[in-house]
Amino acid sequence: MDFTIAVLPGDGIGPEIIEQAIAVLENIGRLYNHEFRFKEYLAGGAAIDRVNEPLPQSTVDGCLKSDSVLLGAVGGPKWDHLSGEKRPEKALMGLRGGLGLYANIRPAVLHEALREACPLREELIGSGINICVVRELIGGIYFGERGRRQGDFGEEAYDTEIYSVKEVRRIARIAFEIAKQRNQHVTNIDKANVLESSRLWRSVVIETAQEYPDIQLDHMYVDNASMQLIRNPQQFDVIVTTNMFGDILSDEASMLTGSIGMLPSASLGEEKLGMYEPIHGSAPDIAGQDIANPIGTILSAAMMLRHSFGLENEAKSIENAVTKVLAQGYRTKDIMSSNMQLVGCKEMGRLIAAYLV
Ligand code: IPM
Ligand code: MG
């Protein structure tokens with residue numbers, strides 16, 4: 001088969017991790033007889049530097065013409081002085097919102113070989129950690145009205161959290177559908193003891209659960225959830241939560257897998273087009289040193305094969321290669337532990353590509 005992939009390397013470590021994901025996909029193409037055509041577009045700070053806006057129309061058009069989008073990371077201190085609409089992160093919001101990618105799926109799996117890289121005690125890890133965070137991606141406080149105004153104490157700023165029944169129902173359905181393929185358990189995370197938007201959110205999740213009588217549904221306040229993730233991560237299967245809580249909790253969950261560099265994500269909507277990116281940022285402090293961990297991006301490419309192209313065997317091939325390379329003791333700096341073999345970003349990508357079968 002034949003696929004066009006829009007590639008948005010972005011900033012910081014973005015280009016180097018994307019390079020490794022492309023190398024892995026090219027090898028998959030050779031092994032399984034597919035043609036992947038990669039078309040590169042500007043996004044984030046890289047776009048600001050070249051064309052003075054974070055998300056040029058040509059990038060949006062390029063994505064819409066493609067079968068799928070692979071994104072590295074955007075942002076960095078160089079662009080931190082810019083105001084909201086002009087910041088690199090605007091590219092992410094524009095793509096997520098513009099492409100209608102409301103469901104962000106972030107699987108946090110601790111590889112057996114990485115137990116030592118997990119900061120939790122052995123007894124807390126137990127039989128392993130395997131959590132799927134389902135984050136609402138185009139609503140809530142990220143997309144609500146915001147601004148500045150004069151208040152009683154001078155200048156003030158505000159952001160608003162708004163959720164509609166429709167937005168909650170569709171993300172809840174995604175979580176329940178994913179739970180069907182896993183351990184039939186969804187934990188809804190909100191702040192319904194304080195926020196009205198969370199009270200609506202929770203009631204819609206409960207109502208939607210009636211369509212899924214076989215799935216166990218629990219509820220947790222976000223503060224408790226952030227504690228429970230550390231205290232007893234085994235209690236979680238699928239987590240469904242709002243845009244901002246999902247942002248925060250997925251970073252926390254990623255650490256349970258050894259490093260934020262390990263976590264992939266898929267952003268999906270009603271249309272066929274999906275976007276795939278690691279959950280980490282552009283890590284400008286380590287950019288260009290060949291020490292970044294490309295695994296989150298490589299696993300994102302595997303998610304692309306599975307969710308956008310229906311290539312389950314090929315996706316598994318990548319995931320198995322990652323497992324094997326880790327089992328052989330190869331580690332990037334962020335997941336390094338004693339007696340392991342330290343490798344750079346390029347070498348990690350090369351090894352995974354070489355282990356594909
Ligand atoms: C993420 C990132 C983004 C977000 C940033 C870079 C805007 O943290 O994908 O989790 O907050 O969604
Ligand atoms: Mg984040």
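**Entry 1: the two domains**

I began with charges across the domain boundary and counted zero salt bridges between domain 1 and domain 2. A reminder to myself: this is a predicted model.

Next I checked where the boundaries fall. The domain assignment gives domain 1 as 1-101 + 273-357 and domain 2 as 119-256. I then looked up how far apart the two sit, and their C-alpha centres are 25 Å apart.

How many residues of domain 1 are in contact with domain 2? I found six, and they touch eight residues of domain 2. For the area buried between the two domains I noted about 570 Å², with carbon and sulfur atoms giving 73% of that. On the domain 1 side, Met93, Arg96 and Ile279 supply 72% of the area buried against domain 2, more than any other three residues.

**Entry 2: the sheet**

I turned to the strands and traced an open sheet of ten, with mixed pairing. I wrote the order down as β2-β1-β3-β12-β11-β4-β5-β10-β8-β9. Which strands are at the edges? They are β2 (35-40) and β9 (216-221), each of which pairs on one side only.

I followed part of that order strand by strand. Strand β4 (residues 103-109) is antiparallel to β5, and I noted seven bridges between them. Ile105 has Val134 in β5 as its bridge partner. From β5 (residues 130-136) I moved on to β10; these two run parallel and are joined by four bridges. Here Val133 has Ile239 of β10 as its bridge partner.

On to β8 (residues 185-190), which also runs parallel to β10, with four bridges joining them. In this pair I found Val186 opposite Val238 of β10.

**Entry 3: side chains of β10**

With β10 (residues 238-241) in view, I asked which way its side chains point. Val238 and Val240 point one way, while Ile239 and Thr241 point the other way. Are these four buried or exposed? I found all of them buried. That puts Ile239, the partner of Val133, and Val238, which faces Val186, among the buried residues of this strand.

**Entry 4: cysteines**

Last, I searched for disulfides and found zero in the structure. Cys132 is in none, and the nearest cysteine sulfur, that of Cys118, is 18 Å away. I also looked up how accessible two of the cysteines are. Cys132 is buried, at a relative accessible area of 3%. Cys63 is buried too, and its relative accessible area is 0%.

Key. Residues are numbered from 1 along each chain as its sequence is written. Chains are lettered from A and ligands numbered from 1 in the order in which they are written. This is a predicted model: local features need pLDDT of at least 70, side-chain atom pairs count only at pLDDT 80 or more; totals for chains, interfaces and linings use all residues. Side-chain values use heavy atoms; hydrogens and water are left out. Buried means under 20% relative accessible area, exposed over 50%, partly exposed in between (1.4 Å probe, protein chains only). Two strands pair if DSSP finds at least two bridges between them. A disulfide is a pair of cysteine sulfur atoms within 2.5 Å. Domain bounds come from an automatic or database domain assignment. Contact means heavy atoms within 4.5 Å. Buried area is the accessible area (1.4 Å probe) that two parts lose on being put together, summed over both. A salt bridge is a side-chain nitrogen of Lys or Arg within 4 Å of a carboxyl oxygen of Asp or Glu.
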